[in-house]
Amino acid sequence: MANTKANDEALQQLKAVVKRYPLVPVHGIPLMEPIAQRWASVEKFKARPDDLVVATYPKAGTTWMQEIVDLILADGNTEKSRRVPMHVRMPFLEYCAPPPLSSGVDKLVNAPSPRLVKTHLPFQLLPKSFLEKNCKIIYVARNAKDNLVSYYFFDQMNLMQPDPGPWDRYVKKFMEGTVPWGSWYDHVRSYWEEKANHRILYVFYEDMKEDLAREIRRVKDFLEVDLPEDVVQKIAHHTSFQVMKDNPMANYDTVASIIFDRTKSSFMRKGEVGDWKNYFTVAQKEAFDADYLQKMEGTTLRFRDVL
Ligand code: A3P
């Protein structure tokens, strides 16, 4: 009985803070209001040299890479990686919401080393301390149209991000960069250009789909972890879409349904390359591609052809 009352109170407290927060620009990048309000704590975050950062534009395959990294560092011990949800194993640096929810910085400040850090911040907003301490950064990029589709469904289900609105308007918002964490184009370019100057491993979602074991080998080499091939294969199996979809410690099933409305979409939605073809009209694709060429002009960054 006492337990039920405590649960009810916790739910009421949670309900009071779950809302679709507006976006507020932070150094020109639109972020959810609670993040903007506590931005100073992110900006002055003190990195340690052995911090490892997994950076992505939202919906590029962050969780997938997080699971891979955690398993590599656990020598493929799947029991260890199933101990707690991903957002506990690898806190989300800039994430912040009023209590009873918490902030990524608060979780990270007292965490033991080596810390694993997730972020969606574009390179220019990454706390300078990570660069001063020469921390390793793994960046995952996903082709724009699939990334957009995934984000559209996620914004429907995540009741703490702005409502995506109708599909056609959302495509325009993505192109304009008026979605949380701003422009996809600037984001993927920023880490691409900076990888010459910092310890950044740049990984493509489409390459992970093509040959997961190969990309796991790249990550473990970057992390300087020696793993026999059978462990690499074991990690590839454990991080396949289907196995992760069934793993509540990796698929965000632990997030309350008043935050993630699973009637709208599931977190592990499809995990495919080229799903955009099911949503873009011919006219939308043509306008998107023409705009893409302009926004990506002058970069050597090339995404695999997913036409
Ligand atoms: P879809 O919405 O296209 O299915 P993030 O972790 O950055 O939020 O990205 C989520 C996207 O990555 C979702 O894409 C999800 O299905 C996909 N994803 C997560 N784990 C995956 C895996 N093991 N294999 C393929 N895709 C995966």
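How many aromatic pairs does the structure hold? The structure holds 34. One of them is a stop on this tour. Keep in mind throughout that the model is predicted.

**Whole chain**

Start with everything shown as a cartoon. The secondary structure comes to 16 helices and 6 strands. The radius of gyration is 19 Å, close to the 19 Å that the globule rule gives for 307 residues, so the protein is as compact as a globular protein of that length. The C-alpha atoms then fill a box of roughly 60 × 50 × 40 Å.

Next, colour by burial. Of the 307 residues, 57% are buried. Switch to contacts. Among those with a separation of 6 or more, 74% join residues 24 or more positions apart.

Select the charged side chains. There are 43 positive and 41 negative ones. The centres of the two sets lie 3 Å apart.

**Helices α10 and α11**

Select F174 and Y185. What geometry does this aromatic pair have? The pair is edge-to-face, with 6.2 Å centre to centre and 65° between the planes. F174 sits in helix α10 (residues 167-176) and Y185 in helix α11 (residues 184-194), so the pair ties together parts that are 11 residues apart in sequence. Is F174 buried or exposed? F174 counts as buried, at 0% relative accessibility. Y185 is also buried, with a relative accessible area of 1%.

Move to V179, in the loop between α10 and α11. V179 has a relative accessible area of 2%, which is under the 20% cut-off, so this residue is buried. Show its neighbours. Leaving aside residues up to four places away in sequence, V179 touches L23, P30, Y57, Y151, Y170, K173 and F174. Then draw a C-alpha to C-alpha distance from V179 to V203. The two are 24 residues apart in sequence and 23 Å apart in space.

Step along to S190, in helix α11. Its relative accessible area is 13%, and S190 is buried. Which residues does S190 touch, not counting residues up to four places away in sequence? They are P122, F123 and Q124.

**Cis peptide bonds**

Select P99 and P100. A cis peptide bond joins them, with omega at about 10°. P100 lies in the loop between α6 (86-89) and α7 (104-109).

Then select S113 and P114. A cis peptide bond joins this pair too, and omega is about -5°. Where is P114? P114 is found in the loop between α7 and β4 (116-119).

**Positive phi angles**

Go to K59. Its phi is near 75°, a positive value in a residue other than glycine. K59 is found in the loop between β3 (52-56) and α4 (62-73). Is K59 buried or exposed? At 13% relative accessibility, K59 counts as buried.

Look for Y252 in the loop between α15 (241-245) and α16 (282-295). Y252 counts as buried at 10% relative accessibility.

Notes
Residues are numbered from 1 along each chain as its sequence is written. This is a predicted model: local features need pLDDT of at least 70, side-chain atom pairs count only at pLDDT 80 or more; totals for chains, interfaces and linings use all residues. Side-chain values use heavy atoms; hydrogens and water are left out. Helices (H or I, at least four residues) and strands (E, at least two) are DSSP runs, numbered from the N terminus. The radius of gyration is taken over C-alpha atoms; the globule rule is 2.2 Å times the number of residues to the power 0.38. Buried means under 20% relative accessible area, exposed over 50%, partly exposed in between (1.4 Å probe, protein chains only). Contact means heavy atoms within 4.5 Å. Lys and Arg count as positive and Asp and Glu as negative; His and the chain ends are not counted. The place of a charge is taken as NZ of Lys, CZ of Arg, CG of Asp or CD of Glu. Rings of Phe, Tyr and Trp (its six-membered ring) pair if their centres lie within 6.5 Å; planes under 30 degrees apart count as stacked, over 60 as edge-to-face and the rest as tilted.
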